[in-house]
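The sequence and structure are shown first.

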Amino acid sequence: MSAVPFTDLAAMTQEVWPSIEADYMACLLNADFVGGPPVETFEREWAAYCGASHSVGVANGTDAIELTLTALGIGAGDEVIVPANTFIATAAAVVRAGATPRFADVSDETLLMTPSAMTAAVTPRTRAVIIVHLYGQVPDMDGLLAAAAEHGLVVVEDAAQAHGATWSGRRAGSFGTAACFSFYPGKNLGAFGDAGAVVTSEPELADRVRALANHGRVSGAAHYEHIYVGSNSRMDALQAIALTGKLARTEAWNERRRAFAARYREQLIGTPVRLVDTDPRAENVHHLLVARIADRDRVQAELRDRSIQTGVHYPVPCHRHPALGEFADRPMPVTEHAATEILSLPMYPHMTFEQVDAVCEAVTDATAAGRTDREVRYVA
Ligand SMILES: *Cc1c(COP(=O)(O)O)cnc(C)c1O
C-alpha cells in the first residue's frame, strides 16, 4: 500500500509558486527585506479577510500573543485564563509577558474550552482570557464571550490553528480585543518560514503592538527615537509575499480539508474510533483531524508499520509540562484523559480521497480486533 504522509507542504509551494515568483525575485533585487510594501499589502488583505480593521505582521505566533498581552498592559500580578488543551506557546507567552496562566478544562466533545470551565478559573486577579480555536474549530463563542463580559475579562484569541474558521458566520480573528495568528509553515495559512500577525479593530492597540515589535519605535517618530522598550519581532517581506499568494487559495484549501474530514467521518462510522466533534454553529477548517482511540499507541504503531504518518496534539497537556508545573493548581480530567487517546490523522489540502480511504481502512483494521485476531488473520 502506498505511503500517506502527515502533510505535504511542497505541494502547496508548487501550486502557489508561479503566482509569486516575480514578486519574490523583485523583492530580492530591491533588497527591501523587512517590512515595506509587501508586508503592508498582506496586512491589509489579512485584516479584511478576518473581518477586522488592523493587522500587524510579526515574527511568529508566540510573539503575537506576548506582544498583545504587553500592549494591553497585562503583566506582573495579572492572571490570564488559558485552556489546558493547547500548544505550550499559548501559556508560555503569558509567562513571558510576566503574567500568570490559569488553566481551564475543555469539552469532551470538541476538546475546546467551555464557558463553565473558564468561569471556574476566574479569581479577583484575572484580567484576560485567551480563547484558543484548536484543531481548526472556534469554540462556543456565545457562552465564552458572555462569561468574559460578565467577569470583565479582556478577550484575546489564539487563532494559530484557525485561519478562516467561523462561529455563527463570523471569522476567527473578529471576536476578541485582539487575535493572534501563526503562519508557521504547517498551519492552514503558512509562510516559507516563521511569521505571525496580531489582528484587531482598535487602532491604538495595533500601533502599540507595531511599536513593541519594532524596538519600541512609534510610527512617525524619528528613526532612533524609541518610546517603549520593545523587541525585534517584524515580518519579512518574503514571508508576506508567500502569504499573500497563499491567502488567495486559503478558502479553496480549507474547503478541501472539509471534504476530506467528511470522508473520514463517513468511513469511520461503526468503528470504535470517535472523531472530535464539530459544533453545528462552527465552520471547522480542520487544521488537524483528531481521532480518539482507546489503544492509541498501538494503533499509531500499526499505522506507522503501514507507512501512514500520524501525530499527537498534544501528548503532554499544557499544565503537565515541567516548565509550567508551578501553574498546575487543579486536575484537568478531560484534557488529561484525552491526551492518552488522541491521534491526529493525515490531513492536508493536496491529499486524495483514496488516501483518506487507505488511512480509514488501516485504522479500522487496527481497531477492529485485538492483537491476536490480527496476527491470526495475517498468518492466514
Ligand atoms: C503554532 C501555535 C502557536 C505558536 O505559533 P508560532 O508561530 O509557532 O510561534 C500558538 N498557539 C497555537 C495553538 C499554535 O498551534
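## Backbone features and ligand site

Ser168 is found in the loop between strand S6 (166-167) and strand S7 (170-171); helices (H or I, at least four residues) and strands (E, at least two) are DSSP runs, numbered from the N terminus. The model is a predicted one, in which local features need pLDDT of at least 70 and side-chain atom pairs count only at pLDDT 80 or more, whereas totals for chains, interfaces and linings use all residues. Residues are numbered from 1 along each chain as its sequence is written, and side-chain values use heavy atoms, with hydrogens and water left out.

Although Ser168 is not a glycine, its phi is positive, at about 50 degrees. His286, also not a glycine, has a positive phi of about 45 degrees; His286 lies in the loop between strand S11 (282-283) and strand S12 (289-292). A cis peptide bond, with omega about 15 degrees, joins His313 and Tyr314. Tyr314 belongs to the loop between helix H9 (296-305) and helix H10 (333-341).

The ligand is surrounded by 14 residues, each with a heavy atom within 4 Å of it. The closest are Gly61, Thr62, Asp158, Ser182 and Lys187. By class, this shell has 5 nonpolar, 7 polar and 2 charged residues; Ala, Val, Leu, Ile, Met, Phe, Trp, Tyr, Cys and Pro count as nonpolar, Asp, Glu, Lys and Arg as charged, and the others, Gly among them, as polar. Helix H3 (61-71) and helix H4 (88-96) each contribute at least two residues to the shell.

| Residue | Protein atom | Distance to a ligand oxygen atom |
|---|---|---|
| Gly61 | backbone N or O | 2.7 Å |
| Ser182 | polar side-chain atom | 2.6 Å |
| Lys187 | side-chain N or O | 2.7 Å |

Taken alone, the ligand exposes 380 Å², and the protein buries 92% of that (Shrake-Rupley method, 1.4 Å probe).

The structure holds 23 salt bridges, each a side-chain nitrogen of Lys or Arg within 4 Å of a carboxyl oxygen of Asp or Glu. One of them pairs Glu15 with Arg249, with the closest N and O atoms 3.4 Å apart. Because Glu15 lies in helix H1 (residues 9-30) and Arg249 in helix H8 (residues 237-268), the pair ties together parts that are 234 residues apart in sequence.

Technical notes
A polar contact is a pair of N or O atoms within 3.5 Å; within protein, one must be able to donate a hydrogen and the other to accept it, and residues adjacent in sequence count only if both atoms are side-chain atoms.
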